[in-house]
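Please take a moment to view the sequence beside the three-dimensional model before reading on. The paragraphs below are meant to be read with both in view.

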Amino acid sequence: MRVIGEHVTFTHPGGERPVLSDLMMDLPAGSSTAIVGPSGSGKTTLLSLLGELLRPQTGRFSCVDRHGRVFRPRDVATWVLQTVSLLPDRTVSDNVRLGAYLDGADRTTADLRAASALARMSLADRGHESARVLSGGEAQRVAIARALASARPVMLADEPTGQLDGVTTDRVLDALLGSAGRTVVLVTHDGRAAARCDRVLRLDRGRLHPLGDAG
Ligand SMILES: Nc1ncnc2c1ncn2[C@@H]1O[C@H](COP(=O)(O)OP(=O)(O)O)[C@@H](O)[C@H]1O
Ligand SMILES: [Mg+2]
């Protein structure tokens, strides 16, 4: 699924200047893209607009499949949010199964996908535990497992390795970048994570620039 942004301009309510300014982007189907930029440059805002949690003042984001059919990103994408949001009163498995139920999976399918996603996050034996007892890094991996349990063709992840050590980061990136055909957008501060993506775009003054391009 190709992910397209056309002339997107957005100013937060009460904000003084646009966070995104006539932003253009075109991410090929099945590609992985790292979006980097200093804190406050608008990376989370960009993902929030893609998810239609916010609405741009001008322009639009869209997704296009290989037959040329156009979709709203929120209908074909799954998210790993910067602020991990698990249901604390439910088990780890319940939280991960939600990712599969989002696509209308039945209970059996959801169980299989949750078990597989937890194994890929090295949490295979933690499924029965309450989400409340997890450390920050464990909760982050459960949130990633929940996204992996979905079969949606676009994955949007905001600093998904922010709380992980190097070895765990590599394993998480293997899982995030290893699902064939999925278009992945990875917002990150982590050079190690960015280097593993097909391309790196820098968000600067409201627009995306290829890394190394003074733009
Ligand atoms: N809800 C909001 N209301 C007003 N300003 C906001 C809001 N959220 C973020 N901003 C501002 O928008 C800019 C971009 O923020 P953000 O997208 O979170 O950046 P990043 O994720 O790159 O650190 C910052 O200047 C921030 O202060
Ligand atoms: Mg952010």
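This is a predicted model: local features need pLDDT of at least 70, side-chain atom pairs count only at pLDDT 80 or more; totals for chains, interfaces and linings use all residues.

Residues are numbered from 1 along each chain as its sequence is written, and chains are lettered from A and ligands numbered from 1 in the order in which they are written.

The protein contains seven helices and 10 strands; helices (H or I, at least four residues) and strands (E, at least two) are DSSP runs, numbered from the N terminus. Its radius of gyration is 17 Å, close to the 17 Å that the globule rule gives for 215 residues, so the protein is as compact as a globular protein of that length. That radius is taken over C-alpha atoms, and the globule rule is 2.2 Å times the number of residues to the power 0.38. The C-alpha trace spans about 50 × 35 × 35 Å along the principal axes. Of the 215 residues, 43% count as buried. A residue is buried if 20 or more other C-beta atoms lie within 10 Å of its own, exposed if 12 or fewer, and partly exposed in between, with C-beta atoms placed from the backbone. Among contacts between residues at least 6 apart in sequence, 68% join residues at least 24 apart; two residues are in contact if their C-beta atoms, placed from the backbone, lie within 7 Å.

The strands may be taken sheet by sheet. Strands of a sheet pair through backbone hydrogen bonds, either parallel or antiparallel. Here, two strands pair if DSSP finds at least two bridges between them. One open sheet has six strands in the order β6-β7-β8-β3-β9-β10, with mixed pairing. Its edge strands are β6 (77-80) and β10, each of which pairs on one side only. From one strand to the next the twist averages 25°. Axes are lines fitted to C-alpha atoms, for helices over the stretch in contact, and angles run from 0 to 180 degrees between N-to-C directions.

Within this sheet, strand β3 (residues 32-36) runs parallel to β9, and four bridges join them; Thr33 stands opposite Arg199 in β9. Helix α1 (residues 43-50) packs on the sheet, where it touches β3, β6, β7 (154-158), β8 (183-187) and β9, and its direction makes about 150° with that of β7. Strand β9 (residues 199-204) also pairs with β10 (residues 207-210), in the antiparallel sense and over four bridges, and Arg202 stands opposite His209 in β10. These two strands form a hairpin with two residues between them. Arg205, in the turn, has a positive phi of about 50° although it is not a glycine. Arg205 is partly exposed, with 14 other C-beta atoms within 10 Å.

The other open sheet has four strands in the order β2-β1-β4-β5, with antiparallel pairing. Its edge strands are β2 (20-27) and β5 (70-71), and each pairs on one side only. Six bridges join β1 to β4, and Gly5 stands opposite Phe61 in β4. Two bridges join β4 (residues 58-64) to β5, with Cys63 opposite Phe71 in β5. The hairpin formed by β4 and β5 has five residues between the strands, and Gly68 in its turn has a positive phi of about 85°.

In the loop between α1 and β4 is Glu52, which has a positive phi of about 60° although it is not a glycine.

Which residues of helix α3 are buried? They are Val92, Ser93, Asn95, Val96, Arg97, Gly99 and Ala100, and the helix (residues 92-101) is mostly covered, with seven of its 10 residues buried. The buried residues of α3 pack against β6, α4 (107-120) and α5 (136-148).

Finally, ligand 1 is surrounded by His12, Gly15, Val19, Gly37, Ser39, Gly40, Ser41, Gly42, Lys43, Thr44 and Thr45. A residue is near a molecule if its C-beta atom, placed from the backbone, lies within 6 Å of it. This shell divides into one nonpolar, nine polar and one charged residue. Ala, Val, Leu, Ile, Met, Phe, Trp, Tyr, Cys and Pro count as nonpolar, Asp, Glu, Lys and Arg as charged, and the others, Gly among them, as polar.
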